[in-house]
Amino acid sequence: AGIDLTFYRPVPDYAVFLTVCNPDPVSLRDAGVVTDRLREIGKEHIRLICNRFDIGYIRSGIYRNIDEMIDLAGRQLLGIVPEDKKLLIAGATGKPVQNGRAYRAFARIADRLFGKSVPLPRVKKI
């Protein structure tokens, strides 16, 4: 949120900006700030990716549902990537993740970016 977003002014209006944040309230509010700043410079195609999602955020009552998280960020959801230790290991070893929940989440996000209609799985399955 502290970045000078005027750097993005020359980016074509049809470009899609991906705001990636964690599901905690502070991160989601910061994503909302970035969204607002991008809108101020005329960028409208902004989508949200929620990273490191854990169903505990909903079970513990921090959020009632996914919609509440989306409302806090103020942007259309492109996808939710679950917390997955395989990603941590992949980052540390440089080996790609080739299966698992996070892999499937990235595949759904990629499909949506290419225009496919892919429903969001039920929260318990994310």
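The model is predicted, so local features need pLDDT of at least 70 and side-chain atom pairs count only at pLDDT 80 or more, while totals for chains, interfaces and linings use all residues. Residues are numbered from 1 along each chain as its sequence is written, and side-chain values use heavy atoms, with hydrogens and water left out.

**Exercise 1.** Find out whether Pro 10 is buried or exposed.

*Solution.* Start with its place: Pro 10 lies in the segment before strand 1 (17–21). Strands are DSSP runs of E, at least two residues; helices are runs of H or I, at least four. Next, take the cut-offs: buried is under 20% relative accessible area, exposed is over 50%, and partly exposed is in between, with a 1.4 Å probe and protein chains only. Pro 10 has 70% relative accessibility, so Pro 10 counts as exposed.

**Exercise 2.** Describe the surroundings of Arg 108.

*Solution.* Locate Arg 108 in helix 5 (residues 101–113). Then list its contacts (heavy atoms within 4.5 Å). Leaving out residues up to four places away in sequence, Arg 108 touches Ile 80, Val 118, Pro 119 and Pro 121. Last, check for a salt bridge (a side-chain nitrogen of Lys or Arg within 4 Å of a carboxyl oxygen of Asp or Glu). Arg 108 is buried but has none. Asp 111, the nearest side chain of opposite charge, is 8.2 Å away.

**Exercise 3.** Which residues separated along the chain can be compared with Pro 10 by C-alpha distance?

*Solution.* Take Asp 71, 61 residues from Pro 10 along the chain. Their C-alpha atoms are separated by 28 Å.

Notes: Lys, Arg positive; Asp, Glu negative; His and termini not counted.
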